[in-house]
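Here is a friendly walk through the aromatic side chains and one surface feature of the model shown below. Have a look at the rings as you read.

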Amino acid sequence: MIICMLLSRRNSTCGSHYLQRIFDRYSINMRLVTAVFLVGHAAAFAPSASRTSLRPATHLNSGDEFVVGVLGDLHIDPRKMEDYETGKSHFLPIFEEAKAKHGNVAIVSLGDLGESKNCDHNPESDSELFAGTTMCHEMAAKFLGSMGVPYDVVGGNHDLEGLDEFETDKENLEVYLRAHNKETPQFCRQIADKTLLVGMGSTLFRDAKFTSHEVTIDQEQIDWFENLVQTHKAEDGWKVFVFTHAPPNGSGLRVLQENHVVNGCCWLNHSNEQQCQKFINLVREHRCIKAWFSGHFHLGQDYQDSITFPTIDPKDGPYPNRGSCVFAQTSVMRAGTSRDGRQQSRLIRGNKDGFEICTVDHQKDGKIRVDATITYRGDTNEVGVYAHEDEAYDHDKYFKVYQPCAGDALHPPDDGFKRYDVDGNIPPFDVDQDTVAWWYMSCGRALGMLNGNLIEYDSSTLAPLGLVVGADELVGKKVGVINSGLDADTCVMMMEDVEGMEGADCAALAGDLREQAVVMLDPSGLVTVVQPNEDGSYWRKIVRNKMVRMKEVRRVKAAKMWAAELMNLEDDSEANVVSSWGPYMTTSGTAKKTAVPGLTAKSAL
């Protein structure tokens, strides 16, 4: 009767509370409880359950122990499978030992399963990308399923990139889910006693508002995740390990490549301010979240800042405000996908007292290295200890993002913090490649300098959001902040004579924020005003949807061919073709001109 009732509750979130009531009612011994739970759980919550046999109950002698292999971006290239077979050979003995000891073992793949290149996989097309195709997902499923233990996968920013095969993200997503035997982009697996593995995947590529390589968790998954952590409380003993392709804003992981910052694809839901902050707010509120693993950056695990702890010794700096969660960056398995030459995966080994985060080094015959040990302090706190110093960090070669520090009650802001003078301005200061400076705008936005670039930072976490002004435009100039609002007593009509702006000055005074302008001054005396976006943010969402960009490139190529034929040019590369863009940027209330100064019309400078 118990088993029948259990299977009828397949769609509940890990079914745990319902099971506990049954177990309490019938006073079943713990070994039988664990076995019955896993039968129901495997049917309901393991996307790969049909690919693997159920774990024998006789192995489940230690319900609190577990082992999880975490694989970073695979980017499988069917022509280069040697490194994957090598990596598999490193994990197999680990899994066999865990299965013999307790049976609580699984794999989680962090997505980006295929190479985003043509891999000679389609005889009918020499341009089709392998990533996101049916062949890609079936090959990845075969590889992951060959490990002999259940696997789960979360979608990365390349997993819906089957552009030539599928017209829509929906069609692509359906094939991805079917190949990996998943019902939904998210997953939940109970790996040990009151210990959950939880994952969420990206569901946008063609429909992305900005860059297609932003990892976007849809609202349905966010709501599902919030409900899960609300109903599996730390106070009740629950421990949740989260897996996503990109890390959340506020994770503190700083081994980031420059292209992810400037392109707006560092963090989950990077371009959506509210959703981007949602994940770290859930971490802060729900201390059942014990660890969060991500990939995306293709960098190794030899640096301490590839793992961040929820708390640090006050003598080392301000409280990081990351709940009770450890964040861990995961490297890659194949040599051709690594940005720093390292080939590594993660291994989690846990029990009721805490867990270890380890590296499986695929360049050292699968050597296991303990990177950090996390010990639980009751149900709502944990303490982490690094197991080694940085083994390597080439700061010049691998871009490490400076993150401002606002301080706390025990610590002042860092030395780069700029304060306003008595007039409410930040006097212009010189900018070079090494300038370190940051400040808050009156609206709460945070701006600062990084490698000669002007960057916007998240106002809460001070994580980098994106590029405002590039070093190519800023280095050698001065930058400052000035008041741009009007005296409320006089309301001088500066804009009275500007068509379409009549009365705008006094309307602005109705707000409760001091208006400001970020200005740049070059040696010749030219002043440039850095205008914010319409939503008040400053970072430039320059990189747009890949499908849009592909169509734009095709239009330019077609125009070149047309111009070459029309003007009898020997080669279409000789054709002089430029693009016009929208929306049109002007302060005029009437759109009469569409020329681009300096490109399709004479420059104003």
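In this predicted model, Lys-418 lies over the face of Phe-429, at 4.3 Å from the ring centre. Another lysine, Lys-239, is placed over the face of Tyr-376, with 5.2 Å to the ring centre.

Tyr-376 also belongs to one aromatic cluster, together with Phe-66, Phe-241 and Phe-355.

Now to the ring pairs: the count comes to 13 aromatic pairs. The table shows two of them, including Phe-66 with Phe-241.

| Aromatic pair | Geometry | Centre to centre | Angle between planes |
|---|---|---|---|
| Phe-66 and Phe-241 | edge-to-face | 5.5 Å | 75° |
| Tyr-84 and Phe-143 | edge-to-face | 5.9 Å | 70° |

Phe-66 sits in strand E1 (residues 66–71) and Phe-241 in strand E6 (residues 239–243), so this pair links distant parts of the chain, 175 residues apart. Both Phe-66 and Phe-241 are buried.

Tyr-84 counts as buried because its relative accessible area is 0%, and Phe-143 is buried because its value is 4%; the cut-off for buried is under 20%.

Which residues make the nonpolar surface patch of about 220 Å²? Leu-521, Val-527 and Val-529 do. Leu-521 is found in strand E20 (residues 516–521), and Leu-521 counts as partly exposed because its relative accessibility is 32%.

Terms used
Residues numbered from 1 in each chain as written. Predicted model: local features only at pLDDT ≥ 70, side-chain atom pairs only at ≥ 80, totals over all residues. Heavy atoms only, no water. Patch = residues over 30% accessible without salt bridge, like charges linked within 9 Å, V, L, I, M, F, W, Y side chains within 5 Å. Areas by Shrake-Rupley, 256 points an atom, 1.4 Å probe, with all protein chains shown as cover. Salt bridge = Lys/Arg side-chain N within 4 Å of Asp/Glu carboxyl O. Helix = DSSP H or I, 4+ residues; strand = E, 2+ residues; numbered from the N terminus. Buried < 20%, exposed > 50% of the residue type's maximum accessible area, 1.4 Å probe, protein only. Phe/Tyr/Trp six-rings, centres within 6.5 Å; stacked < 30°, edge-to-face > 60°. Lys NZ or Arg CZ within 6 Å of the ring centre and 35° of its normal.
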